[in-house]
Structure formats: structure tokens, C-alpha cells
Amino acid sequence: MEDNKAGKVRSFLIAAYYPIVSILASFVIAGIIMQVLGFSPYEAFKGLISGSLGNKRAWGETLNKAVPIALTGLSYAIAKRCGVINLGAEGQVYAGALCAVLVGTEIDFLPAPLHILLTLIVAFIGGALYGAIPAILKNRFGASELITTIMFNYIALYFVHFMIAGPIKDYSSTSNFAQSKAMLVTARLPRILPGTRLHAGLFVAVAALLFFQFILFHTTRGYEMRVIGLNQNAGEYAGINVHKNRILSMFIAGGFAGLGGACELMGVQLRIMENAFNGLGFDGIAVALLGGNTTGGIAASSILFGALSSGANKMQMKSGVPTATVYILQGLVILFVIGKRLFDIRRMKRTAMGGAVK
Amino acid sequence: MIETLSSFLSSTVRMATPLLIAGLGLVFSANAGIVNIGIEGFMLFGALMGCAGSYWTGSALFGALIAILSTMLFSAIFAYFTINQYADQTVVGAAINILASGITITLNRLVFEGKVPAISGFESLHIPFLEKLPIIGILFQQSLVCYLAFVLVPVVAYVMRKTHLGLQVLAVGENPRASDTVGISVKWTRWWTILLSGALSGLAGAFMSMGQVRFFSEGMISGKGYMALAVIVLGGYTAFGVLWASLIFGVGMALQFRLQVLNTGIPYQILTMLPYVITLVAVCGVNSKTRGPASSGEPYIKE
């Protein structure tokens with residue numbers, strides 16, 4: 001019994017070692033960059049941490065930021081598990097948000113719980129259909145999803161710009177910037193913790209995480225997807241329909257991202273403005289990579305990235321470091337996680353002893 | 001009419017130039033088996049460094065040199081992680097893009113302090129006699145970088161097809177293991193092709209911030225790096241292919257501007273989509289015919 005426990009702790013430590021060391025290394029390098037640019041890294045990191053984890057309200061903000069990027073992280077992860085690189089969460093977020101804003105502003109006769117549910121479902125379907133297109137193009141024409149998903153990001157972005165400047169524009173607003181009408185009260189996600197702005201999108205994210213775990217590891221479909229992801233040829237030999245699974249994985253991926261856009265819209269932004277959702281998709285890629293495309297990993301790393309972006313404002317206030325510096329931190333974290341061999345202790349020892357290093 | 005045609009040609013060439021420059025760099029690295037979505041970040045980095053360099057030195061030429069050298073250094077991060085650490089190329093590319101957006105936004109605010117200073121950009125260089133030609137005369141009133149890009153096309157084609165060096169690159173991309181066996185250093189070949197493509201992407205970015213406009217704005221590359229990746233696929237991984245492909249994209253972008261001016265009634269946001277839609281159609285239409293090198297995207301681990 002005792003042994004088993006120790007073994008569990010040990011395997012957890014091994015799993016957590018690389019992410020933790022990578023994060024520390026990123027902070028050190030980002031700190032050096034700040035120092036070189038003439039800022040105080042100490043003040044900056046103090047602001048970053050107190051602004052994201054310092055009190056209950058800050059935690060609420062951190063979790064609110066974590067919700068959409070956990071969902072876009074799942075979007076990248078489920079496609080990746082099936083061997084598709086989905087760089088299109090950015091556009092799928094907009095597709096979902098656009099569908100959500102249509103339902104959330106035009107349908108005005110539903111009571112809150114039903115209206116919220118309907119808005120979420122429509123956002124999922126909107127994102128999912130948009131996500132499925134690159135998979136279909138890959139099946140039909142062999143078009144690389146690396147390029148097509150990114151092109152669809154721009155197309156979605158400009159289409160949303162077009163929509164909020166015309167068809168769904170809020171003409172009653174005095175703002176100089178184009179924006180959509182605001183979500184009706186019945187289509188907004190309620191706050192769930194007094195004293196914070198934490199909204200019910202958290203439940204959506206948790207449900208999506210559980211769904212991800214369930215479909216991948218407890219269904220035949222999920223098993224097929226994972227086989228394709230590990231070795232497409234083996235999947236084909238085993239009689240698995242690669243094309244069908246590819247479309248399904250991108251359908252779910254787009255749906256997750258669409259939900260991410262909907263949660264951000266219904267809980268935080270309440271209307272679509274130009275570029276308001278930019279970056280959510282690419283943050284999701286980072287979160288998925290950091291979390292190793294696993295349920296627990298994505299949950300933990302989305303909270304980390306949520307903390308980075310919710311603390312960024314206080315960091316800028318306290319130390320003058322521009323909020324965009326957080327992107328440098330994020331980029332470094334990904335690099336070090338993927339280049340984790342750098343921190344392999346056994347390898348370091350071998351090198352130190354002058355042994356041959358592969 | 002002739003004036004319209006003339007300005008359309010000029011804008012086509014100017015829009016095609018950054019894609020051509022970045023695409024020519026990719027001819028090397030892509031043929032060596034590197035799939036680099038970080039090109040977008042390289043170009044962004046080059047665009048900022050070019051502007052900053054021109055601002056500091058007061059000379060566009062030095063600005064371009066600074067852009068080339070600093071982006072080459074920046075691309076070493078990509079090379080180190082993908083080649084020496086065997087990391088996934090797409091993932092490192094994504095990280096490079098995030099990193100580049102963080103670095104450029106931060107530096108932009110520090111260097112220019114939110115202002116848009118007057119910097120010297122690439123001046124147009126008129127070629128005597130040729131510039132007087134009707135309609136196409138305007139093609140000989142472009143900047144030095146623009147001419148350089150077009151002159152490089154046959155040079156790159158020659159290097160890739162007729163020299164030992166070019167054949168080594170092709171061999172490494174097609175079969176790294178076999179190349180290694182016959183004594184070609186896979187590691188070194190991939191390193192220098194990435195550095196070269198970094199240098200050229202830096203120049204491409206600098207052309208966007210100093211040739212097309214005279215300022216840096218955050219996110220100004222807006223997908224041109226990804227388009228350069230589409231250009232290389234569309235161009236069948238050859239220099240002349242890249243030339244034609246970037247001209248097609250140039251036409252798309254010039255057409256977009258033209259239609260905006262013409263007041264067709266089509267909203268400008270929809271017209272802005274045009275180059276991206278062209279990219280999509282192109283990638284779908286061409287992929288069945290061309291094929292990248294066999295080892296594309298695979299790290300090479302020496303045994």
C-alpha cells in the first residue's frame with residue numbers, strides 16, 4: 001500500500017518535472033530580457049503573480065481567462081490525437097462566437113437556461129462545421145491543413161469584421177468602433193462565485209474536458225482516432241476509415257473552439273468587437289502542447305496561461321513592462337517543453353562525465 | 001486605361017516581391033525537408049528590425065542589413081530546436097510566431113514609443129531607357145530589393161539544379177539517411193538552409209515595412225508568411241515555380257486594392273479575403289500534382 005503511494009508520487013513527479021523546469025527556465029530568460037530592456041524583473045513578476053493569483057477576485061479572472069483557452073487547447077489536442085494539425089482554432093472561435101451572437105441577440109422569447117443551452121449548442125455546431133471544411137479539403141484534394149486552417153482563420157476574421165460593420169452592427173451604440181449588438185440578458189452566462197467575475201463557462205470547460213477524456217479513451221471511435229494519430233498506415237491496414245475519423249476529429253475540434261468563443265462572448269465580452277477574440281486559438285495550441293494533449297495537462301496549463309494573461313495588466317501597471325511581453329514568456333515555455341531533452345538530468349550527467357551523447 | 005494597367009502591374013510586382021523573396025529562401029529549406037510555419041514570425045521580426053535599423057542609422061540599406069542579420073540569428077532558434085533537439089517543426093514554428101509577436105510588440109513600443117516616426121524606406125531606382133517603355137515602363141521604376149528578388153530567381157534555380165550544393169540539399173530532403181551514409185552532413189545542410197531562409201525572410205519582412213509602406217505596425221505581416229508556404233507548394237518547390245506563384249498572389253492582392261478603389265459595392269472586408277481565398281483554391285488545386293521531399297517535417301536522428 002505504502003509502496004504503491006510512493007510510486008504514484010514518483011511518477012507524478014516525473015511527469016511534472018519537465019513542465020516545471022521549462023516554466024522556470026522561461027521565467028529566468030524573460031527576466032533577463034526585461035533586465036536588458038531596463039525594467040525590474042522582480043517588480044514585473046510580483047505584479048504578474050499578485051495580479052493573477054493574489055486574491056479571490058484575481059483567481060476569478062484567471063479562471064475566466066483559462067476557460068476559452070482550455071477549450072481551444074482541446075480543439076488542437078483532439079485533432080492532433082487523430083494526426084491532424086489544427087491551426088484553425090482562431091477562426092473556429094470566431095465562427096462559434098458569430099453563431100452565438102446571432103442566437104443570443106435575435107431570439108428573445110426563451111427563458112435563460114434554455115437560451116444559454118441553445119446558444120452553446122449552436123456555437124458548437126457552427127465552430128464544428130467550420131472546422132470540418134479543412135478536413136474535407138484534405139480528404140478530397142490532399143490540401144495541407146497547415147495552410148488551409150490558417151487561411152480559414154483570416155476568412156473568418158474578415159467575415160466577422162464585415163458582419164459587425166453591417167448586418168449585425170449595433171447602430172444604437174455611440175462607439176466609433178464597429179461592434180455587434182449586446183447579448184440579451186437571458187443568453188449571458190451567470191456569475192457563479194460572489195466577489196468575483198467568475199462565470200458559468202467554467203462548467204462548460206470542465207464538461208468539455210470530461211467529454212474529451214471519454215471519447216478518446218472510452219469509445220471505439222476514440223481508439224480509432226488514436227491509432228490513426230500514432231500511425232496512419234497501421235490504421236489503414238487495420239481497416240480503419242481514416243477519412244471519416246479525420247472529419248469527425250476536426251468536427252469536434254471546431255466545436256470545442258466554437259464553445260470557447262461562445263463562453264468568452266457570453267461570460268466576458270457580451271458582444272463581438274473587432275479583433276476581440278484574437279489570440280485565443282494560438283494560446284490554445286500552446287496550452288495543448290504544454291499539457292501533452294492530455295486532459296489533466298490541458299486543464300493545468302490553461303490555468304497557467306490564464307494566469308499569465310490575467311496578471312499581465314498588473315505587471316504593466318507595476319513595472320511598465322508591456323503586456324505583450326507575456327507572449328515572449330509563452331513562446332519560451334513552448335520551446336522549452338518541446339526541447340525538454342535540454343533538461344534531461346541523466347543526459348546532463350553523461351555529458352558532464354564526458355560520455356558519448358546521442 | 002493605360003495608366004490603370006500600368007499601376008496595376010506595379011502594384012502586382014510590389015505585392016509579389018515579399019512572397020518571392022521569402023519563397024526563394026524556402027526553396028532551400030523546404031527542399032532540405034523543413035516545414036517551417038515560423039516564416040510568418042521571421043517576416044514580422046524582419047519588418048520591425050528593418051524599420052528600427054533604418055530609424056537608428058538613417059539609411060534604408062543599413063536597415064535592410066540589420067533586418068537580414070538579426071532575422072538570421074532569430075532563425076537559429078528554430079534551427080537549434082528542430083535539428084539539434086529533434087523537436088517537432090510545426091510546434092517550434094508556432095512557438096517562433098508567438099515569440100516574434102511578443103518581441104516585436106514589446107520592442108515597437110520601446111523603440112518608437114507609440115509614435116510613427118519618419119524613416120527612410122527603399123527608394124525607387126529608375127533604369128534608363130527601359131523606364132520610358134509604354135505600360136511596362138513602370139516595372140523599371142522599382143526599388144533595388146525588388147530587382148534583386150527577380151534577379152535571384154535564375155540564380156537560385158541554377159544553384160539548386162546544377163551545383164553540387166543544390167544536389168546535396170535535394171538529397172538531404174529526399175533521403176537523409178542515405179545522404180548521411182555518403183558523407184553529406186544532414187545537420188549542417190539543414191542548418192544553413194534554415195539560416196538562409198531566415199535571412200531572406202528578414203529581407204522580405206523589411207520590404208513590407210520599408211518598401212510597401214514606411215512604418216511598422218503590429219501584426220502587419222497578417223498571413224504573408226503562411227502565403228509564402230503556399231507559394232512554395234504551388235510552385236512545385238522550384239525557383240521559377242515560386243516566381244509564377246508569387247505573381248499570381250500579387251495579382252490577387254493588386255486586384256483587391258483595385259476593386260476597393262473602384263467602389264464596386266462589395267464591402268472592403270469581403271475583398272480583403274481575396275488573397276486568402278486564392279491561397280485556398282491554389283493549395284487545393286495543385287497538391288495532387290506536386291509532391292514535397294520525402295522527409296518533409298521529419299527530424300533526422302543520427303544512429
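These legends describe close-up views of a predicted model. Local features need pLDDT of at least 70 and side-chain atom pairs count only at pLDDT 80 or more, while totals for chains, interfaces and linings use all residues. Residues are numbered from 1 along each chain as its sequence is written, and chains are lettered from A, with ligands numbered from 1, in the order in which they are written.

**View 1. The side of chain A that touches chain B.** Here 38 residues of chain A are in contact with 37 residues of chain B; two residues are in contact if their C-beta atoms, placed from the backbone, lie within 7 Å. α5 (112-141), α6 (145-165), α11 (280-290) and α13 (325-338) of chain A each supply at least two residues of this side. Helices (H or I, at least four residues) and strands (E, at least two) are DSSP runs, numbered from the N terminus. α6(A) gives the largest share, 11 residues. By class, this side of chain A has 28 nonpolar, nine polar and one charged residue; Ala, Val, Leu, Ile, Met, Phe, Trp, Tyr, Cys and Pro count as nonpolar, Asp, Glu, Lys and Arg as charged, and the others, Gly among them, as polar.

**View 2. Helices α3 and α12 of chain A.** The axes of α3 (residues 56-81) and α12(A) come within 7 Å and cross at roughly 130°. Axes are lines fitted to C-alpha atoms, for helices over the stretch in contact, and angles run from 0 to 180 degrees between N-to-C directions. The angle makes α3(A) oblique to α12(A); under 35 degrees counts as roughly parallel, over 145 as roughly antiparallel, 65 to 115 as roughly perpendicular and the rest as oblique. Residues making the contact include Ala66(A), Ile69(A) and Gly73(A) of α3(A) and Ser302(A), Phe305(A) and Gly306(A) of α12(A). The contact has 12 nonpolar, six polar and two charged residues.

**View 3. Asn275(A), in the loop between α10 (242-269) and α11 of chain A.** Phi of Asn275(A) is near 60°, a positive value in a residue other than glycine. Asn275(A) counts as exposed because it has 12 C-beta neighbours inside 10 Å. A residue is buried if 20 or more other C-beta atoms lie within 10 Å of its own, exposed if 12 or fewer, and partly exposed in between, with C-beta atoms placed from the backbone.

**View 4. Asn293(A), in the loop between α11 and α12 (295-319) of chain A.** Although not a glycine, Asn293(A) has a positive phi of about 55°. Asn293(A) is buried, as 20 other C-beta atoms lie within 10 Å.
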